[in-house]
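Here are my notes on this one, in the order I'd go through them with the viewer open.

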Amino acid sequence: MVINICLVALIILIIIVLITYNGFIRLNNKVKESESKIDILLNQRFDLIPNLVECVKGYSKHESETLEDLTSLRSSYKNSDFSVSENEKIDKGFNKFFAIAEAYPDLKANSQYISLQNSLSEIENKLIYARIGYNDSVTKYNNHVETIPSNIIAKIFAFEKKELFKIEQEKKENIKMDFSK
């Protein structure tokens with residue numbers, strides 16, 4: 001009788017461990033999928049850079065620095081693993097590029113440039129939602145890692161918390177605009 005109770009308890013314990021372990025695997029795969037979506041969008045953004053370079057070349061030949069910066073961005077993309085710090089560096093480069101483009105009305109009016117800029121804006125919007133989705137997946141996974149009783153299984157099988165996507169501090173501050181000019 002005691003052996004039967006111990007056997008049933010052991011079977012129940014094994015089932016609980018298996019269900020919890022499989023839950024970790026599903027959540028971990030969801031985090032990987034979310035990260036992959038971000039990589040896909042970053043790659044699309046990367047593929048747009050040569051088109052932007054060619055379009056800008058025709059309108060800003062004297063702005064060789066702009067073209068060099070764009071080419072440098074593309075190179076850093078090629079050599080990047082799309083880490084958060086690389087993303088921020090590339091984002092700053094794009095912001096600089098668009099600020100310079102604002103100074104050239106002919107460029108802004110060019111239909112090819114507008115189309116490329118719209119495509120880039122669309123990808124940037126998708127990136128925002130992909131990053132939100134990634135953070136959602138990571139939060140669910142981290143909750144599973146930290147809550148009882150799944151945290152016991154997490155420690156046994158070495159499932160560790162994952163980092164949320166964060167932006168740098170300067171992007172959190174309000175932009176100061178000077179309209180006096």
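Predicted model: local features only at pLDDT ≥ 70, side-chain atom pairs only at ≥ 80, totals over all residues.

1. A cut-off to have in hand before anything else: buried means under 20% relative accessible area, exposed means over 50%, and partly exposed is in between. Glu 122, at 46% relative accessibility, therefore lands in the partly exposed class.

2. The mean pLDDT of the chain is 79, with 62% of its residues at 70 or more.

3. The overall layout is quick to describe. There are 7 helices and 0 strands in the chain, so the pattern along the sequence is written α-α-α-α-α-α-α. Of the 181 residues, 31% are buried. Take the contacts between residues at least 6 apart in sequence: 73% of them join residues at least 24 apart. The chain's accessible surface is about 12,200 Å², and carbon and sulfur atoms account for 58% of that.

4. Next, the inside. The largest nonpolar core has 22 residues, and those touching the most other members are Phe 24, Ile 38, Leu 127, Tyr 134, Tyr 141, Val 145 and Phe 159. Helix 1, helix 5 and helix 6 each put in at least two residues, and helix 5 gives the most, with 10. As a general point, nonpolar side chains in soluble globular proteins tend to be buried together.

5. Ile 38 is a handy place to look at that core. Setting aside neighbours within four places in sequence, Ile 38 is in contact with Leu 127, Ala 130, Arg 131 and Tyr 134. Two names on that list, Leu 127 and Tyr 134, also belong to the group touching the most other core members.

6. Beyond its neighbours within four places in sequence, Ser 137 is in contact with Lys 30, Val 31 and Ser 34. Lys 30 turns up again in a charged network, where Lys 30, Glu 33 and Lys 37 are linked by salt bridges.

7. On to the charged pairs, of which there are 7 counted as salt bridges. The one I'd open is Arg 45 with Glu 124, whose closest N and O atoms are 2.6 Å apart.

8. Compare a local pair within helix 5. Lys 126 and Glu 122 form a salt bridge at 3.4 Å, N to O. Because they are 4 residues apart in that helix, about one helical turn separates them. Lys 126 is partly exposed at 41%, as is Glu 122 at 46%.

9. Another bridge joins Lys 166 and Glu 163, at 3.9 Å from N to O. The salt-bridge cut-off is 4 Å, so this pair is counted. Buried or exposed, then, for Lys 166 and Glu 163? Both are exposed.

10. There's a nonpolar patch on the surface to check. Leu 7, Leu 10, Ile 11, Leu 13, Ile 14, Ile 15, Leu 18 and Ile 19 make it up, with about 750 Å² of accessible area together. One of them, Ile 15, is in helix 1 and counts as partly exposed, at 43% relative accessibility.

11. Finally, two bits of backbone geometry. Ile 148 and Pro 149 are joined by a cis peptide bond, with omega about 5°, and Pro 149 lies in the loop between helix 5 and helix 6. Ala 158 has a positive phi, near 60°, despite being a residue other than glycine. Ala 158 is in the loop between helix 6 and helix 7 (169–172) and is exposed, at 57% relative accessibility.

Notes
Residues numbered from 1 in each chain as written. Heavy atoms only, no water. Salt bridge = Lys/Arg side-chain N within 4 Å of Asp/Glu carboxyl O. Buried < 20%, exposed > 50% of the residue type's maximum accessible area, 1.4 Å probe, protein only. Patch = residues over 30% accessible without salt bridge, like charges linked within 9 Å, V, L, I, M, F, W, Y side chains within 5 Å. Areas by Shrake-Rupley, 256 points an atom, 1.4 Å probe, with all protein chains shown as cover. Contact = heavy atoms within 4.5 Å. pLDDT = per-residue confidence, 0-100. Core = buried A, V, L, I, M, F, W, Y, C linked by side-chain atoms within 4.5 Å.
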